[in-house]
Amino acid sequence: MPFVSVTGKVYLAGAGPGDPGLITLRAAECLAEADLVLYDGLVNPLLLRRTRGICERTARTRRDGTTIVSQQEINERLIAEARAGKVVVRLKGGDPYIFGRGSEEAAALQAAGIPFEVIPGVTAATGAGEYAGFSFTHREISSAVAFVTGHEDPTRDASRLDFEALARFPGTLVFYMGLNRLTEICRHLIAAGMPETTPAAVVCHASLATQQVVEGTLATIPHAASKRQLKPPSLIVVGECVKQRAQLSWYEQLPLFGVSIGVTRPDEQADDVSSQIVRLGGEPVIMPMIEVGPVAESEVPAIQETFERLHEFQWLVFTSVNGVSEFFRHLQASGRDARALHAAAIAAIGTSTALKLKSFGIQADFVPAEFRAEALGTALAERAQGQNVLWVRASRGRDVLPGLLQDAGVHLEQLVVYENRDVAAFSSDVVARLKSGTLQWVGLSSPSIARQFAQLLKMAKISPAELTTKIAAISSVTARAADDCGLTVECIARNSTWQGILDAIVSSRRLQSHHS
Ligand code: SAH
């Protein structure tokens with residue numbers, strides 16, 4: 001038997017400081033390829049949506065019940081999974097080597113003969129500099145920058161950091177992991193000769209919608225920071241550059257900065273909206289009201305039977321990405337492939353549906369410019385008169401096509417290849433946020449989503465009256481449905497899109513701040 005190497009590979013990759021847009025292209029490529037992703041607690045969970053691999057969090061420190069995994073165990077796990085042939089991404093917050101122990105993992109892989117690559121990331125300090133508005137090395141004020149660990153064993157009396165040297169350092173100091181020791185760090189720096197008036201800042205949750213920046217001096221910052229009850233992860237920045245914030249700050253001025261918005265779209269359609277929210281400075285909270293799943297086993301024979309007659313259809317119509325993938329899954333399960341579609345013209349709604357078709361080797365013949373069933377219906381009514389059309393669809397959805405086509409003398413047959421069903425409950429995270437008032441907005445994008453939202457509130461025992469989350473509706477029809485369920489709608493999109501929902505939230509907030 002020829003020798004075949006089945007060893008996988010490990011990518012030690014930086015995830016960036018928080019904003020999911022700050023991951024590198026290379027790390028994103030590796031995530032797309034990964035079988036397994038082992039990530040640490042600083043990684044933004046939105047990044048895990050870029051992989052189809054299994055994602056597992058490793059935490060060396062205990063935080064709400066997570067078990068302690070030793071560095072040794074992580075190293076062994078990486079080696080074992082790669083030996084089993086897997087493509088493993090070890091995803092670490094910021095940069096994998098900067099205070100990240102990535103180099104220990106690399107050394108262990110090297111020693112075990114496992115192929116690996118290391119992908120740098122935007123480290124928290126540079127993320128914080130740019131998003132808070134400090135240039136650590138502005139040529140007029142600083143000729144160096146030092147990244148320093150502020151974390152030391154609290155049981156040790158003598159400080160291991162050379163504060164004398166730090167106090168003499170000709171530039172900006174950035175302390176990682178130092179929030180709990182902020183008071184001591186400032187005291188030591190002053191004792192070592194740094195002026196009390198040296199500007200200092202704490203940046204917490206840099207590059208995230210929850211970013212907070214507290215400014216002061218070495219003398220005032222400990223008190224100022226404790227008043228704001230800042231939470232880790234935070235950085236301490238010491239140096240003149242802190243004063244530049246007045247001119248360089250931009251992130252906190254974004255129209256949705258600091259605003260959390262619930263996205264009720266089906267999970268697989270949430271990414272576009274979610275990244276728009278991030279780009280506007282907000283925090284998307286993905287909370288689908290509808291989930292998709294395969295059809296029941298008992299429905300499969302009917303699908304197979306339709307496949308036998310595929311050649312009778314002059315048109316196949318796909319209206320969702322999921323419809324395409326489930327159609328081909330069933331087609332392949334029946335021993336067929338794309339050649340079974342040779343006789344039909346193909347229509348698709350939406351560019352992502354068309355792209356999905358392309359991944360199966362099919363170029364759609366017709367994609368309406370407007371992503372709505374009405375546009376497709378009108379076009380087909382003209383082109384498919386007297387012909388047989390097969391509509392590949394979900395168990396539920398808008399039913400405008402049949403009406404439009406029937407009148408035009410088109411023979412429409414429907415093939416349900418996947419199920420749309422209501423989700424049974426909010427996730428525990430969403431319940432907690434709704435109850436504590438830490439979800440500021442939710443966008444409702446259809447009447448049925450509005451009703452389902454009301455239903456899930458009821459199940460979570462949250463009455464509409466006590467709900468502090470504001471509601472934005474996609475249209476007046478959706479607003480009415482919400483209203484009928486006892487929900488108060490704060491604003492309505494002008495143009496029935498998710499972009500419209502976000503615009504409406506922005507205007508509503510502007511109005512509010514004018515009034516207050
Ligand atoms: N490898 C990481 C650092 C890991 S050490 C990197 O390159 O960024 C963990 C420390 O990083 C935290 O204690 C905190 O000081 C800092 N940190 C990470 N993400 C941060 C963020 N978004 N905002 C502020 N500090 C952050």
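**Helix pair α11 and α12**

I began with the contact in which Val321, Val324, Ser325 and Phe328 of α11 meet Ser352, Thr353, Lys356 and Leu357 of α12. Sorting this contact of α11 with α12 by class, I noted four nonpolar, three polar and one charged residues. I kept in mind throughout that the model is a predicted one.

I then looked up the geometry, since two packed helices are described by the angle between their axes and the distance between the axes. The axes of α11, residues 321-333, and α12, residues 351-359, come within 8 Å and cross at roughly 20°. With angles under 35 degrees counted as roughly parallel, α11 and α12 are therefore roughly parallel to each other. For the handedness I wrote down that α11 passes α12 in a right-handed crossing.

**Helix pair α10 and α11**

Next I turned to α10, residues 300-308, whose axis comes within 10 Å of that of α11 and crosses it at roughly 80°. Because 65 to 115 degrees counts as roughly perpendicular, I recorded α10 and α11 as roughly perpendicular to each other. On the α10 side I listed Val300, Ile303, Gln304 and Phe307, which meet Phe327, His330 and Leu331 in α11. The residues of the contact of α10 with α11 divide into five nonpolar, two polar and no charged.

**Helix pair α13 and α14**

I also checked α13, residues 373-383, against α14, residues 400-407, and found that they pack at an angle of about 20° with their axes 9 Å apart. That makes α13 roughly parallel to α14. My entry for the contact has Ala373, Glu374, Leu376, Gly377, Thr378, Leu380 and Ala381 from α13, together with Val400, Leu401, Leu404 and Leu405 from α14. By class, I put down eight nonpolar, two polar and one charged residues for the contact of α13 with α14. As to handedness, α13 passes α14 in a right-handed crossing.

**Around the ligand**

Which of the 17 residues around the ligand come nearest? I noted Asp95, Ile98, Thr123, Met177 and Ser234. I then followed individual atoms: a backbone N or O atom of Met177 lies 2.8 Å from an oxygen atom of the ligand, and a backbone N or O atom of Ser234 lies 2.7 Å from an oxygen atom of the ligand. For Pro17 I found a polar backbone atom 2.9 Å from a nitrogen atom of the ligand.

**Backbone entries**

Met177, already listed among the residues that come nearest to the ligand, has a positive phi of about 55° although it is not a glycine. I placed Met177 in the loop between β7, residues 172-176, and α6, residues 182-191.

Is the peptide bond from Pro232 to Pro233 cis or trans? I recorded this bond as cis, with omega near -5°. Pro233 has its place in the loop between α7, residues 221-227, and β10, residues 234-238.

Technical notes. Residues are numbered from 1 along each chain as its sequence is written. This is a predicted model: local features need pLDDT of at least 70, side-chain atom pairs count only at pLDDT 80 or more; totals for chains, interfaces and linings use all residues. Side-chain values use heavy atoms; hydrogens and water are left out. Axes are lines fitted to C-alpha atoms, for helices over the stretch in contact, and angles run from 0 to 180 degrees between N-to-C directions. Helices (H or I, at least four residues) and strands (E, at least two) are DSSP runs, numbered from the N terminus. Angles under 35 degrees count as roughly parallel, over 145 as roughly antiparallel, 65 to 115 as roughly perpendicular and the rest as oblique. A crossing is left-handed if the near helix is turned anticlockwise from the far one by less than a right angle, and right-handed if clockwise. Contact means heavy atoms within 4.5 Å. Ala, Val, Leu, Ile, Met, Phe, Trp, Tyr, Cys and Pro count as nonpolar, Asp, Glu, Lys and Arg as charged, and the others, Gly among them, as polar. A residue is near a molecule or strand if one of its heavy atoms lies within 4 Å of it. A polar contact is a pair of N or O atoms within 3.5 Å; within protein, one must be able to donate a hydrogen and the other to accept it, and residues adjacent in sequence count only if both atoms are side-chain atoms.
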